[in-house]
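Please read it alongside the sequence and the structure.

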Amino acid sequence: MSVNIDQILQEVKRFADQNPKILNAAIMSNEILLNKYAKLIPRIRGEFATVSSVMGHVVQQFTPTWTEQADVQFRGKQMKNYHQKINFAFTPAEILGSWIQQKYDEGVELKDKEISKHVMTMLKAKIISDVNILSVKGVFNAATPTVFGASMDGLNKIHTSILTNTDNPCFKIPTDAIAGDGSNILDVVLTFERAIPEQYKDSIKELKMSVTNAENYLLAYEDEFGKNTDYTGGKGLRTRLGKRLIVGVPGMSNNHIVATFDGNFIRTVDVVENPATITDVQKLDYKIKVFGEFTLGYDYAVNELVIVNSPTAVERGLGSATLNKLYYPEEF
């Protein structure tokens, strides 16, 4: 079968015009694991500030004089999402075989299926795969824009950053380092759960950890308590103490266990003014080039409400007596 590159070029352009949200569907997809656990903020591009308000105690014994007590603080955090691009090129003559094979497998006449849909479906799947990696393992580096992995900060970088952040610290729980063979994972998780601030224990529903740690937890739990013990709660692997869902995140560091409140982990995109878009389709020699852009970022709105285990932490809490009293007054 011969290939008419100009015909395929027009076909891809037509497909892009008829499916303007195909890239948006990719970055918004629930096939990207972190999207399932992140609150969506849909109209953000570039750097922006979040502001949280924290109020001190207001109830006191009655006296017939004015004695103001509460102290309201407005604390901010600078956040950002990342402008990213897609430069995807394909040679129609080289992709023809996979297209024909797919149609053969599906039992569909070639005339009823366009090669452009085949190519763009492949592109969408690859975007989802890439964002699954970037959202966890990415480390933004403006100096290496063409290196995969440098276009945004992922979960691992976010966690290492908040562990060293003194302006907006996370809540550290001292634990033993998680052993490489997972031999102490039950003890580390138990230590972590017991140290969650008591007044917020009912609000912490999930623990995020690496897939390796989640698997080791399952195996260790069965070895310790037997396979007939209902440790899953009927809906996924759960912790022994708080019956919290264990979320195994592919690519997440084996060093950390992380928990936060529902809605505090967010993803920011600009689906209003600058939605993910195929911006152009061009022909160059024997290739067809597809250009696309989108913005995306993940972060915690309030670091102080993120709870992370740390084998190097000296004391439990935010590392500041003032902040401990402000965010966790019942504990400190």
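**Note on pockets and packing**

1. Strand 4 contributes the most to the lining of the largest pocket, with seven residues. Helices (H or I, at least four residues) and strands (E, at least two) are DSSP runs numbered from the N terminus. This is a predicted model, in which local features need pLDDT of at least 70, side-chain atom pairs count only at pLDDT 80 or more, and totals for chains, interfaces and linings use all residues. Residues are numbered from 1 along each chain as its sequence is written, and side-chain values use heavy atoms, with hydrogens and water left out.

2. The volume of the largest pocket is about 740 Å³. Its lining comprises 28 residues, of which Gln84, Lys85, Ile86, Pro145 and Ser151 are the closest to the centre. A pocket is an open set of points on a 1 Å grid over the protein atoms alone, where a 1.4 Å probe fits, with protein on both sides within 12 Å along at least five of seven lines; lining residues have an atom within 4 Å of a point. Grid points are joined across faces, edges and corners, and a volume is the space filled by probe spheres set on the points.

3. At least two lining residues of the largest pocket come from each of strand 4 (82–90), helix 4 (115–137) and strand 11 (287–300). By class, this lining holds 14 nonpolar, nine polar and five charged residues. Here Ala, Val, Leu, Ile, Met, Phe, Trp, Tyr, Cys and Pro count as nonpolar, Asp, Glu, Lys and Arg as charged, and the others, Gly among them, as polar.

4. Lys77, Gln78, Met79, Ser161 and Asp299 are the closest to its centre among 16 lining residues. Strand 3 (72–80), helix 5 (155–164) and strand 11 each give two or more residues to this lining. The lining of the second largest pocket has five nonpolar, five polar and six charged residues.

5. Helix 6 (residues 185–194) packs against helix 7 (residues 211–225) at an angle of about 100°, their axes being 8 Å apart. Helix 6 is therefore roughly perpendicular to helix 7 (65 to 115 degrees). Axes are lines fitted to C-alpha atoms, for helices over the stretch in contact, and angles run from 0 to 180 degrees between N-to-C directions.

6. Strand 10 (residues 277–284) and strand 11 run antiparallel and are joined by seven bridges; two strands pair if DSSP finds at least two bridges between them. Gln282 lies opposite Lys289 of strand 11. The two strands form a hairpin with two residues between them, and Asp285 in the turn has a positive phi of about 55°.

Note on methods:
Parallel < 35°, antiparallel > 145°, perpendicular 65-115°, else oblique.
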